[in-house]
Structure formats: structure tokens, C-alpha cells
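Please examine the sequence and the three-dimensional structure shown below. The explanation that follows leads through them in running paragraphs.

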There are 2 protein chains.
Amino acid sequence: MPRRILIVGAGKSTSYLLQYLLEHAEQENIFLAIADKNPDGIPQNFREHPLCKILTLDIADAEKRRGEVGKAELVISMLPPTLHLEVARDCLEFGINLVTASYISEGMRAMDREVRSRGLIFMNEIGLDPGIDHMSAMQVIDRIKARGGKMLLFESFTGGLVAPESDTNLWNYKFTWNPRNVVVAGQGGAAKFIQEGTYKYIPYHKLFRRTEFLEVEGYGTFEAYANRDSLSYREAYGLQDALTLYRGTMRRVGFSRAWNIFVQLGMTDDSYRIENSKGMSFREFTNLFLPYSPTDSVELKLRHYMKIDQDDIIWGKLLEINLFDKKRLITQENATPAQILQEILEASWTLGPEERDMIVMYHKFGYELNGKKFQLDSNMVALGENRRLTAMAKTVGLPAAMAALLILNKKVKEPGVQIPIRREVYEPVLAELGKYGICFNEFEVPYLGYNPESIAM
Amino acid sequence: MPRRILIVGAGKSTSYLLQYLLEHAEQENIFLAIADKNPDGIPQNFREHPLCKILTLDIADAEKRRGEVGKAELVISMLPPTLHLEVARDCLEFGINLVTASYISEGMRAMDREVRSRGLIFMNEIGLDPGIDHMSAMQVIDRIKARGGKMLLFESFTGGLVAPESDTNLWNYKFTWNPRNVVVAGQGGAAKFIQEGTYKYIPYHKLFRRTEFLEVEGYGTFEAYANRDSLSYREAYGLQDALTLYRGTMRRVGFSRAWNIFVQLGMTDDSYRIENSKGMSFREFTNLFLPYSPTDSVELKLRHYMKIDQDDIIWGKLLEINLFDKKRLITQENATPAQILQEILEASWTLGPEERDMIVMYHKFGYELNGKKFQLDSNMVALGENRRLTAMAKTVGLPAAMAALLILNKKVKEPGVQIPIRREVYEPVLAELGKYGICFNEFEVPYLGYNPESIAM
């Protein structure tokens with residue numbers, strides 16, 4: 001009797017997850033129940049496979065949902081993050097292990113004691129970021145500590161970008177994942193991190209002007225701006241004593257400086273609605289954020305207000321997205337500035353059917369060993385195949401699928417609501433990811449951390 | 001039998017209000033019951049006056065509060081805005097008129113129907129701003145309309161500043177009212193207004209760079225930044241068809257440009273707390289918002305980050321408030337950046353005992369009459385006597401006291417929860433304010449509004 005895995009949520013982003021599980025179905029003796037509210041998009045080979053069954057399931061239908069959860073030996077929830085909890089409660093009730101690629105929510109965390117006491121494993125944050133970042137970082141941190149090293153610095157960066165040959169616009173950027181997350185990135189409070197033992201705070205309106213550069217061999221230079229939450233894994237990673245902790249988002253050089261124009265104008269604001277936005281031209285939208293003038297053009301007003309020189313490439317970027325166009329009209333009614341900006345950008349930044357995305361991850365580990373300071377950098381680049389088979393779907397889906405099999409095969413001993421920071425999880429998953437071309441390059445660099453004795457205060 | 005007025009809340013800011021009522025007590029046949037949680041600060045002449053009684057009253061003590069309200073013919077609440085509602089409910093129950101100088105809250109507004117049906121008057125927003133601004137604006141608007149004019153433009157500005165001879169620091173500013181309101185001014189969403197029929201939005205981080213200048217004869221030039229709520233009185237003022245509506249806050253020229261440094265650094269943020277702020281030096285606080293450097297000074301980092309030239313007066317302003325001081329320490333524990341900035345500024349910006357504050361108000365009225373466009377400007381300057389008898393206390397307290405007598409004398413006919421925008425209120429109050437030196441200068445200027453036909457789009 002094959003072991004039944006229930007996958008709830010089978011959207012576009014789960015292509016690699018499903019494929020991996022199907023390829024391993026016979027060998028691993030598993031049966032896949034793939035449930036989605038609208039399962040029409042699931043490819044034919046799944047429908048015809050004897051070890052696979054496609055179900056139409058509305059997650060709000062408690063009876064049917066509970067029936068399916070109760071039949072499974074493990075559940076993988078690829079639902080939107082807010083919908084995991086219902087499924088998690090069913091899993092707890094029926095004593096079934098759970099895998100998600102989402103951040104642990106408050107509600108999920110609150111289940112930990114019960115999950116533990118029943119000997120269950122609820123593995124979360126096992127996708128790309130969060131996921132591969134945890135695993136690849138902890139593998140190096142544990143190795144450094146095992147050799148007697150003391151962690152001084154940890155910086156970690158991830159970017160969802162476009163592959164070099166698909167990198168065809170002035171922004172060096174296209175949407176490859178949820179565009180809304182990109183438009184509102186960094187909002188909700190100051191970014192907080194530690195540099196050389198001192199807290200540092202960057203308000204949202206300065207976030208995109210405080211970037212640092214990163215070099216990836218064969219792929220050139222990237223920049224990164226700070227995430228809001230650099231300190232959230234401090235304890236989980238065992239970095240309580242590290243003097244520098246920083247997490248960031250990677251873009252191609254120049255993106256942030258141009259994005260900052262939107263921030264400065266107020267176009268990324270998601271807190272109020274613009275009356276009668278429908279039918280407004282892109283140009284009229286832009287003019288909402290500029291002083292009134294009876295004579296000056298929107299172009300000149302923006303150039304002057306944002307101090308954009310005549311020969312600044314930022315100007316070309318703004319023209320490229322048709323920010324001053326009189327004919328292109330906004331289609332959303334009473335939308336927020338952020339929603340409208342998203343609409344404007346989606347008109348320009350969509351990946352073509354054969355274009356490929358690219359994931360880049362970069363870690364810096366600074367440590368002290370035998371009285372000397374060292375730095376190890378490590379990075380990973382993953383390329384998509386096309387618009388459907390993205391590097392994003394691959395790097396999010398494969399770790400979740402692999403973790404599901406590990407748990408099913410009793411290789412994960414520690415029960416509880418958890419993230420993949422223990423060796424028993426990250427070692428086998430990273431090894432398996434390597435077979436799929438997802439691997440990290442490590443190289444020693446001079447220690448670039450800072451000398452706390454000479455802080456100029 | 002004298003008519004009893006209950007005044008709840010008798011803090012420092014009520015000196016003029018109490019004095020005015022006491023001076024009119026005999027002639028108006030009124031008796032003053034002055035209630036405060038801690039009435040020790042009320043001057044001796046009130047205690048000895050036969051038409052006055054001082055009460056110790058904790059507003060949370062419902063029984064005592066209701067007892068006092070029930071005995072009065074009218075209540076003036078000068079409590080903090082959040083505490084008016086309890087008193088208002090008592091007034092409604094016992095059928096007693098109410099006066100406050102605060103913005104109408106949701107809860108207050110919700111009482112309107114009942115207040116009306118009982119024929120009561122709950123007069124709110126009858127202080128300075130809101131208060132004198134409503135009355136002085138409506139007097140002109142009603143006059144223009146009565147002559148057949150059509151309102152095109154209304155702009156209104158108020159500032160609580162220091163009198164010229166007390167204007168002794170580089171910021172041309174000292175705290176004369178609630179410092180916290182100054183530090184967090186403009187936060188909570190984009191400023192919204194209308195210019196020539198088009199909505200305009202200014203995000204918080206640009207607010208202090210979008211000022212306009214105002215000239216007041218004998219007092220020089222001022223600047224103003226936009227309030228968040230320029231459109232809130234559109235209907236109340238009958239300005240639905242006006243093409244330009246703008247409300248702002250006045251400062252001396254150069255204040256906003258320097259204040260913008262705090263905004264850009266993130267020092268006005270009130271949304272998160274800084275761990276262990278107590279004992280941190282002003283310099284360390286400043287450094288929280290600057291990039292780390294092992295060699296560069298806090299001064300150089302700030303100059304570079306904020307692009308402050310060597311000879312920019314902003315620099316002197318920052319030095320004057322000791323922003324880089326190593327010895328001055330923050331006393332608040334786990335405080336927000338805004339709370340810490342307030343502490344730093346309060347150390348420098350306090351009014352001396354004999355120094356005087358200054359209130360400035362400026363209105364612009366644009367209108368069309370017989371096919372021609374006109375503009376009328378009007379302004380008012382009020383000076384305080386010393387730190388206790390401030391122009392702020394005078395301009396907030398006198399209108400409330402005058403309105404109380406009007407209501408008591410049945411001169412206000414219209415019942416309901418209201419603000420002073422009707423002639424029956426503003427005419428007598430403005431006339432009476434004139435006797436106390438609070439009067440507006442009006443002058444015709446060329447129409448400076450904008451020509452909508454030539455918007456360069």
C-alpha cells in the first residue's frame with residue numbers, strides 16, 4: 001500500500017514540487033493526492049499516472065478537507081500563507097506531519113507544544129527564502145563552529161531576477177514572482193540590523209539609497225538593500241554574539257536608485273486610495289505627486305523635484321515604463337498608489353513566454369579562529385527554463401518536496417513546529433538539491449568586517 | 001441666582017479662559033465651578049472670588065462628575081480630547097450645553113441626532129486652530145458669497161511660534177505648546193489637497209521640502225508645509241466647487257528644510273522602540289541612523305549622507321541642539337526615535353520665563369465676481385505676555401469662553417454637535433476677540449491662483 005501524500009494548493013509555482021514527487025513515486029512507494037480549488041492547470045501526465053489522483057478541493061469545505069487530510073500520511077500545503085492554519089489544525093487532530101514553504105505565523109508557532117507532545121513534525125520555511133537560505137547558512141555556520149570558530153558576521157542576500165539573456169530592459173528587472181511584494185517591499189517600519197555591535201536603523205524612504213554591492217563570478221555586480229527583519233533568526237542560527245547581522249534583497253546595480261524615485265514621489269504608498277483612478281492616464285497619475293504649475297511640463301517638474309540630471313540613466317528608465325504617457329490609462333477603480341504603480345510596471349516588466357528568471361543568493365560569514373579573522377563568502381545562482389518552469393518555482397518547490405520524503409522516511413527525528421536549521425534536515429536536502437544544479441560556491445576572502453576598536457565616535 | 005458654568009480641566013492653557021469668565025461673572029450673572037484633578041495651580045484670586053469655586057475632580061469618578069455636571073447650566077471641557085466623551089454623555093443625559101476647543105471625535109459626532117432632538121448645543125473646535133481659523137474664514141467666505149462671488153481658492157495657515165524679541169535660536173522656533181505634536185506632525189499618511197481642481201499628494205518624507213512662502217507685514221517672511229487634512233472642511237465651509245484647497249502649518253523660513261534632516265534620518269519615527277535608549281549619548285543616537293564606518297566621524301557621515309554643504313546654515317542648527325554631543329545622555333528607557341528627538345529638542349527649545357510666544361494665522365481667498373478674478377488675503381498676529389500667559393492660551397481660551405456666554409445667553413439658535421461656522425457664532429465672537437487685540441488685517445492682492453486652461457499636461 002503506497003504512502004499517501006496530500007498536496008493542497010497546486011498553482012503554477014508547484015510545477016517542480018509535483019514533478020519531483022511524481023518522479024520518485026514508484027521508488028519511494030508514495031501516492032500523490034493533488035488537491036486544488038481549480039485543478040485544471042495540472043498537466044496531463046499527472047492525470048494519467050497510476051500513483052496520482054487530482055482532486056477539486058475548496059479549502060473552506062471543512063468536511064471534504066478533513067476527509068482528505070485524514071487519509072494522508074503527510075500533507076504539503078502550498079496554499080497562500082494565510083490558509084495554512086486550517087490545514088495545520090486538521091493535521092494536529094489526525095496526527096499527520098505537515099510541510100509548508102511559508103514563514104511560521106503566530107498561529108502556527110502557538111501549536112508547537114501540542115505538535116511536539118504528539119511527536120509530529122510541522123516543517124515550515126522550506127522553500128527558497130525562507131528555506132535554502134536557512135539551510136545553506138546553517139551548514140556553514142555549524143561547520144565553522146565545529147572547527148572552534150566564533151561567528152563575528154553574517155550577511156545574507158537573495159534576489160529573484162532575470163537570466164542574463166532575458167535581461168532586456170533598462171531596469172534589469174522583470175516580475176518573476178508576486179509583483180505586489182516587489183512594489184510594497186520594505187514598508188511597514190524601519191529596517192533594523194547590527195553592524196559591529198551597534199544597532200542601525202534605515203527608514204523606508206532611505207532604504208533604496210543605502211545599498212551595498214556584491215560580485216558574483218560570471219554574473220557581474222549586484223546591489224542589495226536591507227530587509228526589515230535582519231535580526232529575526234539571530235537566536236535560531238545561534239548568532240547571539242555576532243557583531244554584524246544583515247539580510248538584504250538583491251537587484252542589478254542601479255535598480256534601487258531608480259526605484260527610489262517612486263518611493264520619493266509617494267507612488268509606492270499603499271495606505272490610501274485615489275478617487276476615480278480608473279481612466280486616469282499614467283501621466284495624470286504621475287502629476288498627482290508633483291506641484292501644480294500652469295506652465296511647466298510634468299517632465300520638467302519631476303526632473304526638478306527629484307533632481308534628475310539631463311544625462312542620468314534614471315530618466316530613460318522612467319520613459320521606458322511610460323510614466324509620462326497620456327494615452328495609457330489605469331484600469332483599476334479607486335486604487336492605492338502602490339496598486340496603480342504595479343499596474344504600470346506590469347505593463348512593462350512581464351517575462352516573455354521563453355524568457356528565463358534567475359535566482360541569486362549570497363552569504364558572507366565572518367569568524368574568528370585561533371585569534372585570526374576570516375571571511376567565507378558563498379553564493380548560488382539558479383536559472384529557470386522558461387516562464388512556466390521558473391528558477392523560483394524550482395528553488396521553492398524542490399526543498400519542500402525533498403523534506404516531505406525525508407519526514408516520510410523518518411529521517412527527521414526532532415518533533416515540533418520548526419524550520420530547516422538542523423543538520424538532519426539541511427544535509428540531505430542540500431545534497432539532493434546539488435543533483436538538480438542548485439549548489440553553492442564557497443570562497444575565502446579577506447575579512448571585510450569592521451574593527452570595533454576604531455569606531456570613529 | 002447666578003447661572004453656574006462648570007469648567008472641567010483647568011491646566012496652564014486655561015488661564016485666559018478662566019480670567020475672561022471671572023471678569024464677566026458679575027455682569028453676566030454667572031458662577032464658576034472650576035474642576036481639575038489637581039487644582040493647586042489655580043491662582044489665588046479665583047479662590048477668594050465669591051462667584052467662583054475650585055473643585056478637586058477626577059474625571060474617572062463618575063458619581064462626583066455627574067453630580068457636578070447635573071448642577072451646571074453649561075459645561076466647558078478643556079480636558080485632553082480623549083476625555084470629552086464621558087462629560088458629553090453626562091451633558092446629554094442632564095440636558096446641559098457643552099463647549100470644547102477640540103476636534104469633533106467620531107463619538108462626539110455620533111451624538112448629534114440626540115443632541116439636536118433635545119435642543120442642546122455642543123459647540124466644539126472653538127479655540128485657535130481649530131476655532132479662530134473657522135470663524136475668520138467663514139466671515140470672509142460668507143461675505144464674498146453674499147456679494148455674488150464664487151469661491152475659487154481657499155488656503156489657510158497657522159503657526160505657533162515665538163515673538164520676534166524671543167526668537168533667539170537658529171531654528172527661529174521654541175516649543176510653546178505640546179512638543180510631541182510638533183515632533184510627529186505630518187505623520188500617518190500622505191498630505192492631500194487640491195490645486196486647480198487636481199488632487200495632489202505629498203508623502204511624509206517630502207512634506208518639509210514642499211513649502212510655500214507667506215509675507216506678513218511687520219513680521220517678515222514665513223513658510224508653510226501642508227497639513228494632512230486640507231479637504232476636511234470642504235463641505236462645512238461650502239467650498240465644494242473651489243479649485244484650490246490647502247491648509248498648512250507656518251514656520252519661520254528655513255525651519256522645514258532643517259527639520260527635514262530629522263525626517264530623512266528617521267529620527268521622527270514613532271513606530272518602534274530603541275532598546276536601552278537610557279544612557280545613550282545624543283551622538284550615539286544620531287549614529288544609529290548612519291552607516292557604520294571604522295574611520296569616519298558621525299559628523300562627516302551625516303554631512304555626506306544628507307548632502308549638507310560646508311557652509312550650509314543647517315549645520316549650525318544641528319550643532320545648536322547638541323546632536324553630536326558625547327556627554328549629554330538620553331534619560332528615557334526603550335523610547336521611540338520620536339520620543340528621544342523630543343527630549344533632545346526640549347533641552348534647547350524651551351521658552352524662557354519672560355519670553356513670549358506668537359501666533360500667526362494667514363488666509364487666502366480667491367474668488368470670481370462679475371467675470372473677474374480677485375484675491376483677498378487676511379492675517380492675524382497675536383503675541384503672548386510671558387511663558388505662562390501665552391498667545392496660544394489666549395487664542396484657544398478666549399473663543400471658548402466667549403462662546404460659552406453666547407450659548408448661555410441664548411444667542412446661538414441652532415442646536416446640535418457643531419463647529420463655529422455660522423454667522424450667529426462667528427460675528428459676535430470675532431467682534432469680542434477684536435477688543436482683546438485678536439483681529440485680522442485684510443488686503444486685496446492680484447489673483448495668484450492658477451489658470452486651469454493652461455495646465456501643462
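In α5(A), the buried residues are A:His84, A:Leu85, A:Val87, A:Ala88, A:Asp90, A:Cys91 and A:Leu92. Buried here denotes a relative accessible area under 20%, exposed one over 50%, and partly exposed the range in between, with a 1.4 Å probe and protein chains only. Helices (H or I, at least four residues) and strands (E, at least two) are DSSP runs, numbered from the N terminus. After α5(A) comes A:Gly95, whose phi is positive, near 70 degrees.

The model is predicted: local features need pLDDT of at least 70, side-chain atom pairs count only at pLDDT 80 or more, and totals for chains, interfaces and linings use all residues. Residues are numbered from 1 along each chain as its sequence is written, chains are lettered from A and ligands numbered from 1 in the order in which they are written, and side-chain values use heavy atoms, with hydrogens and water left out.

One of the buried residues of α5(A), A:Asp90, also takes part in a salt bridge with A:Arg66, the closest N and O atoms being 3.9 Å apart. The term stands for a side-chain nitrogen of Lys or Arg within 4 Å of a carboxyl oxygen of Asp or Glu. This pair links distant parts of the chain, for A:Arg66 belongs to helix α4 (residues 62–71) of chain A and A:Asp90 to helix α5 (residues 84–94) of chain A, 24 residues apart. A:Asp90 counts as buried because its relative accessibility is 3%, whereas A:Arg66 counts as partly exposed because its value is 30%.

In chain B, a salt bridge joins B:Arg65 and B:Asp90, with 2.5 Å between the closest N and O atoms. B:Arg65 lies in helix α4 (residues 62–71) of chain B and B:Asp90 in helix α5 (residues 84–94) of chain B, so the pair ties together parts that are 25 residues apart in sequence. Both B:Arg65 and B:Asp90 are buried.

A further salt bridge brings together the side chains of B:Arg356 and B:Glu165 (2.6 Å, N to O). Here the partners are 191 residues apart: B:Arg356 sits in the loop between α14 (337–346) and β13 (357–369) of chain B, and B:Glu165 in the loop between β7 (150–162) and α9 (179–183) of chain B. B:Arg356 counts as partly exposed because its relative accessibility is 24%, and B:Glu165 counts as partly exposed because its value is 47%. In chain A, salt bridges that share partners join A:Arg65, A:Arg66, A:Glu86, A:Arg89, A:Asp90 and A:Glu93 into one network. Over all chains, the structure holds 47 salt bridges.

The description now turns to the nonpolar cores. A nonpolar core is a set of buried Ala, Val, Leu, Ile, Met, Phe, Trp, Tyr and Cys residues joined through side-chain atoms within 4.5 Å. The largest one has 165 residues, and those with the most contacts inside it are A:Leu21, A:Phe122 and B:Leu318. Helix α16 (residues 391–408) of chain A gives the most to this core, with 14 residues. Apart from it lies another core of 164 residues, including A:Trp171, B:Ile30, B:Met138 and B:Ala401.

Not counting residues up to four places away in sequence, B:Leu318 touches B:Trp171, B:Ile261, B:Phe262, B:Leu302, B:Ile308, B:Leu323 and B:Phe324; contact means heavy atoms within 4.5 Å. A:Ala393 is found in helix α16 of chain A, and A:Ala393 is buried, with a relative accessible area of 1%. Its contacts, leaving aside neighbours within four places in sequence, are with A:Ser13, A:Ser15, A:Tyr16, A:Trp177 and A:Leu398. Helix α1 (residues 15–23) of chain B is mostly covered, seven of its nine residues being buried.
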